[in-house]
Amino acid sequence: MSQLLHDRVARTAESRPDETAIVMGSERLTYSELEQRSNQLARLLIDHGVRPGDRVCLPQPKAPAAILSMLATLKAGAIYVPVDIASPAPRVEKIVAAAEPSLLLASDDASELLASIGTDAGLVSVAGVLQGAEAGPEDADGYDAGPLPRLTRPSDPAHILFTSGSTGAPKGVIITHAMVDAFLDWALPYFGHQPGDRISGHPPLHFDLSTFDIYGSLSIGAELHLVPGDVLLPSQLASFIRDAELTQWFSVPSTFAYMARGDAVAQGDFQSLGRIIWCGEVLQPAVLAYWMRRVPQCTYTNLYGPTEATIASSYYAVTAVPEDETAAIPIGTPCGGEEIRVLDEALEPVPPSEIGELYIEGAGLSPGYWRDEEKTRAAFVTEPRTGRRLYRTGDLGRRDEQGLLHFLGRADSQIKSRGYRIELGEIETTLTALRGVAECAVVGVPSGGFDSTAICCAWVSREDAELDPKHLRAALSKALPAYMLPSRWLELTELPKNANGKIDRPALRQRFATGSKQ
Amino acid sequence: MNDATINDAGEIARAQQIFENALNVTAPDPDVDIIETGLIDSLGLVTLIFELEREFDVQVPLESLEVDDFRTISNLVRTLGSLRRKASA
């Protein structure tokens, strides 16, 4: 029987009221504080008109207050939508317009951003919630701190995560309580989490991976240590792990590569650490070997899975230091409650060991994209053979003789950069709409560094236009977040085409890979 | 500030351009503190360093890098200048 996510946290608060739940810098919240303040805030939200099924947008930086806001939203029966306040205003505006929230629960850092976007939704500042001393119109202190009646079922949406969409508009993946619950039911026993574990909170909160940090940690009675924004250098990240005496580190592979490049890990370092987990991208075997030699006491687990099946759908425990630096680490076998199929274009299984597209089935599957029937129908399909509902990942893969799955790249033009998934089509659509751009193509090129993929843009100017990368970048940055901006640019008089008249992307990638600079 | 490359406006402009490309913010004046103003996070720094290495053809020694080395664009250019001198020495 599935549980509501906030019920998981409430149960922990009952058994461990005075233990630390969340830490960031000098801020520290105990489980009872987290529980009572989120109950108060939930009542405040309800007072502000938030009803079950409503959306509450959270334009807030990573902080204990943001997690408190998530829980309060769930307790009010509503759906939270994390909003990255570093994103450009037009993109935030698109996300807020699509979510159609009844309320924005914002941090003060977001006020400038929110002033520049148009929305009819009400606005509540979260600032007063943690500093109850200052009574104001948004002070939650006057509200009852006791539990609220259950307003939702596990099959209801808990949050919506907006990711890059190929047609230019971000798409919202609906994540239900039951989806996260199914993952946790597998993950917590598998990894052997214990009360008192000290777990890292590295990814930003609008990023799917953070869902595991938050609800994994808070359901088991662990301490969640959010990594502050000014922890920047490899050596600072390493100090953070040491000083917080973390028992689990979970992040995207580029962070591991960055720390290895900075040689930030000493032999026998991180004595407290027991689990190292990564997800979101391929981890280079050489980087893994560096970590495994220096921190030998940890278990090392590669997770794989798209946001549409929340957090992860398959796992592979690496038990020996990789010898072959060219042999990619498998994505392994499905997590409990999920199945992964390798299918051909007719949705029939490919013969053993052959390459096909990866499809996911199981309890972790999203009901679809927020208010987008068409995209939902295209991505969530029915398997003819079994009548089961599958999510089409767009990832290519194969199952080897041992039954282990291997990831072999994308079937389309989506790429991963620094763990973020990016639809190159979204960048192209935005660029093509700019005045002066006749034609453009955006490709991902392996960067050879710790930033796994460089986004490269080739463009053709209209005859009367004078464009340079600086102008194009400036124009793009008004619509796209930083991680989606091309870092390499190339002006051409025409784009290379193949025999069918389509843009010859392999030729372009080759051109960027061999070092054509601006 | 006695090094010729430090005062080279071209180098500063080039570093600002890379900064803009990597981080999607209008490049600040050369002496603005980019840490304190929150213009950079650890994932942004990863991209910035990689693109700087590519563009200036140097290897940034992450193991000995200090926060002050990239606290401002001027500091960045100075750091890169000394790296290149070391490489060619």
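Select A:F256: this residue is buried, with a relative accessible area of 1% (buried means under 20%, exposed over 50%, partly exposed in between, with a 1.4 Å probe and protein chains only). The model is predicted: local features need pLDDT of at least 70 and side-chain atom pairs pLDDT 80 or more, while totals for chains, interfaces and linings use all residues. Residues are numbered from 1 along each chain as its sequence is written, chains are lettered from A and ligands numbered from 1 in the order in which they are written, and side-chain values use heavy atoms, leaving out hydrogens and water.

The ring centres of A:F256 and A:W278 are 6.1 Å apart and the planes stand at 70 degrees, so the pair is edge-to-face. Rings of Phe, Tyr and Trp (its six-membered ring) pair if their centres lie within 6.5 Å; planes under 30 degrees apart are stacked, over 60 edge-to-face, and the rest tilted. A:F256 belongs to helix α10 (residues 253–261) and A:W278 to strand β12 (residues 275–279), 22 residues apart in chain A. Helices (H or I, at least four residues) and strands (E, at least two) are DSSP runs numbered from the N terminus.

Over all chains, the whole structure has 16 aromatic pairs. For a cluster linked by ring pairs, select A:F183, A:W186, A:Y190, A:F191, A:F212, A:F250 and A:Y315.

Next, show β23, β24 and β25 of chain A, which form an open sheet in that order with mixed pairing. Strands pair if DSSP finds at least two bridges between them. β23 (437–446) and β25 (488–491) are the edge strands, each with a single partner, so one side of each has no neighbour in the sheet. β23(A) and β24 (residues 453–461) run antiparallel over nine bridges. Pick A:V445 to find A:A454 of β24(A) opposite.

Finally, go to chain B and select B:I49, B:L52, B:V60, B:L65, B:D69, B:F70, B:L76, B:T79 and B:L80, the lining of the second largest cavity. A cavity is a set of points on a 1 Å grid over the protein atoms alone where a 1.4 Å probe fits but cannot get out; lining residues have an atom within 4 Å of a point. The volume is about 70 Å³, meaning the space filled by probe spheres set on the points, which are joined across faces, edges and corners. α3(B) gives the most to this lining, with three residues.

Conventions. On a 1 Å grid over the protein atoms alone, a cavity is a set of points where a 1.4 Å probe fits but cannot get out, and a pocket is an open set with protein on both sides within 12 Å along at least five of seven lines; lining residues have an atom within 4 Å of a point.
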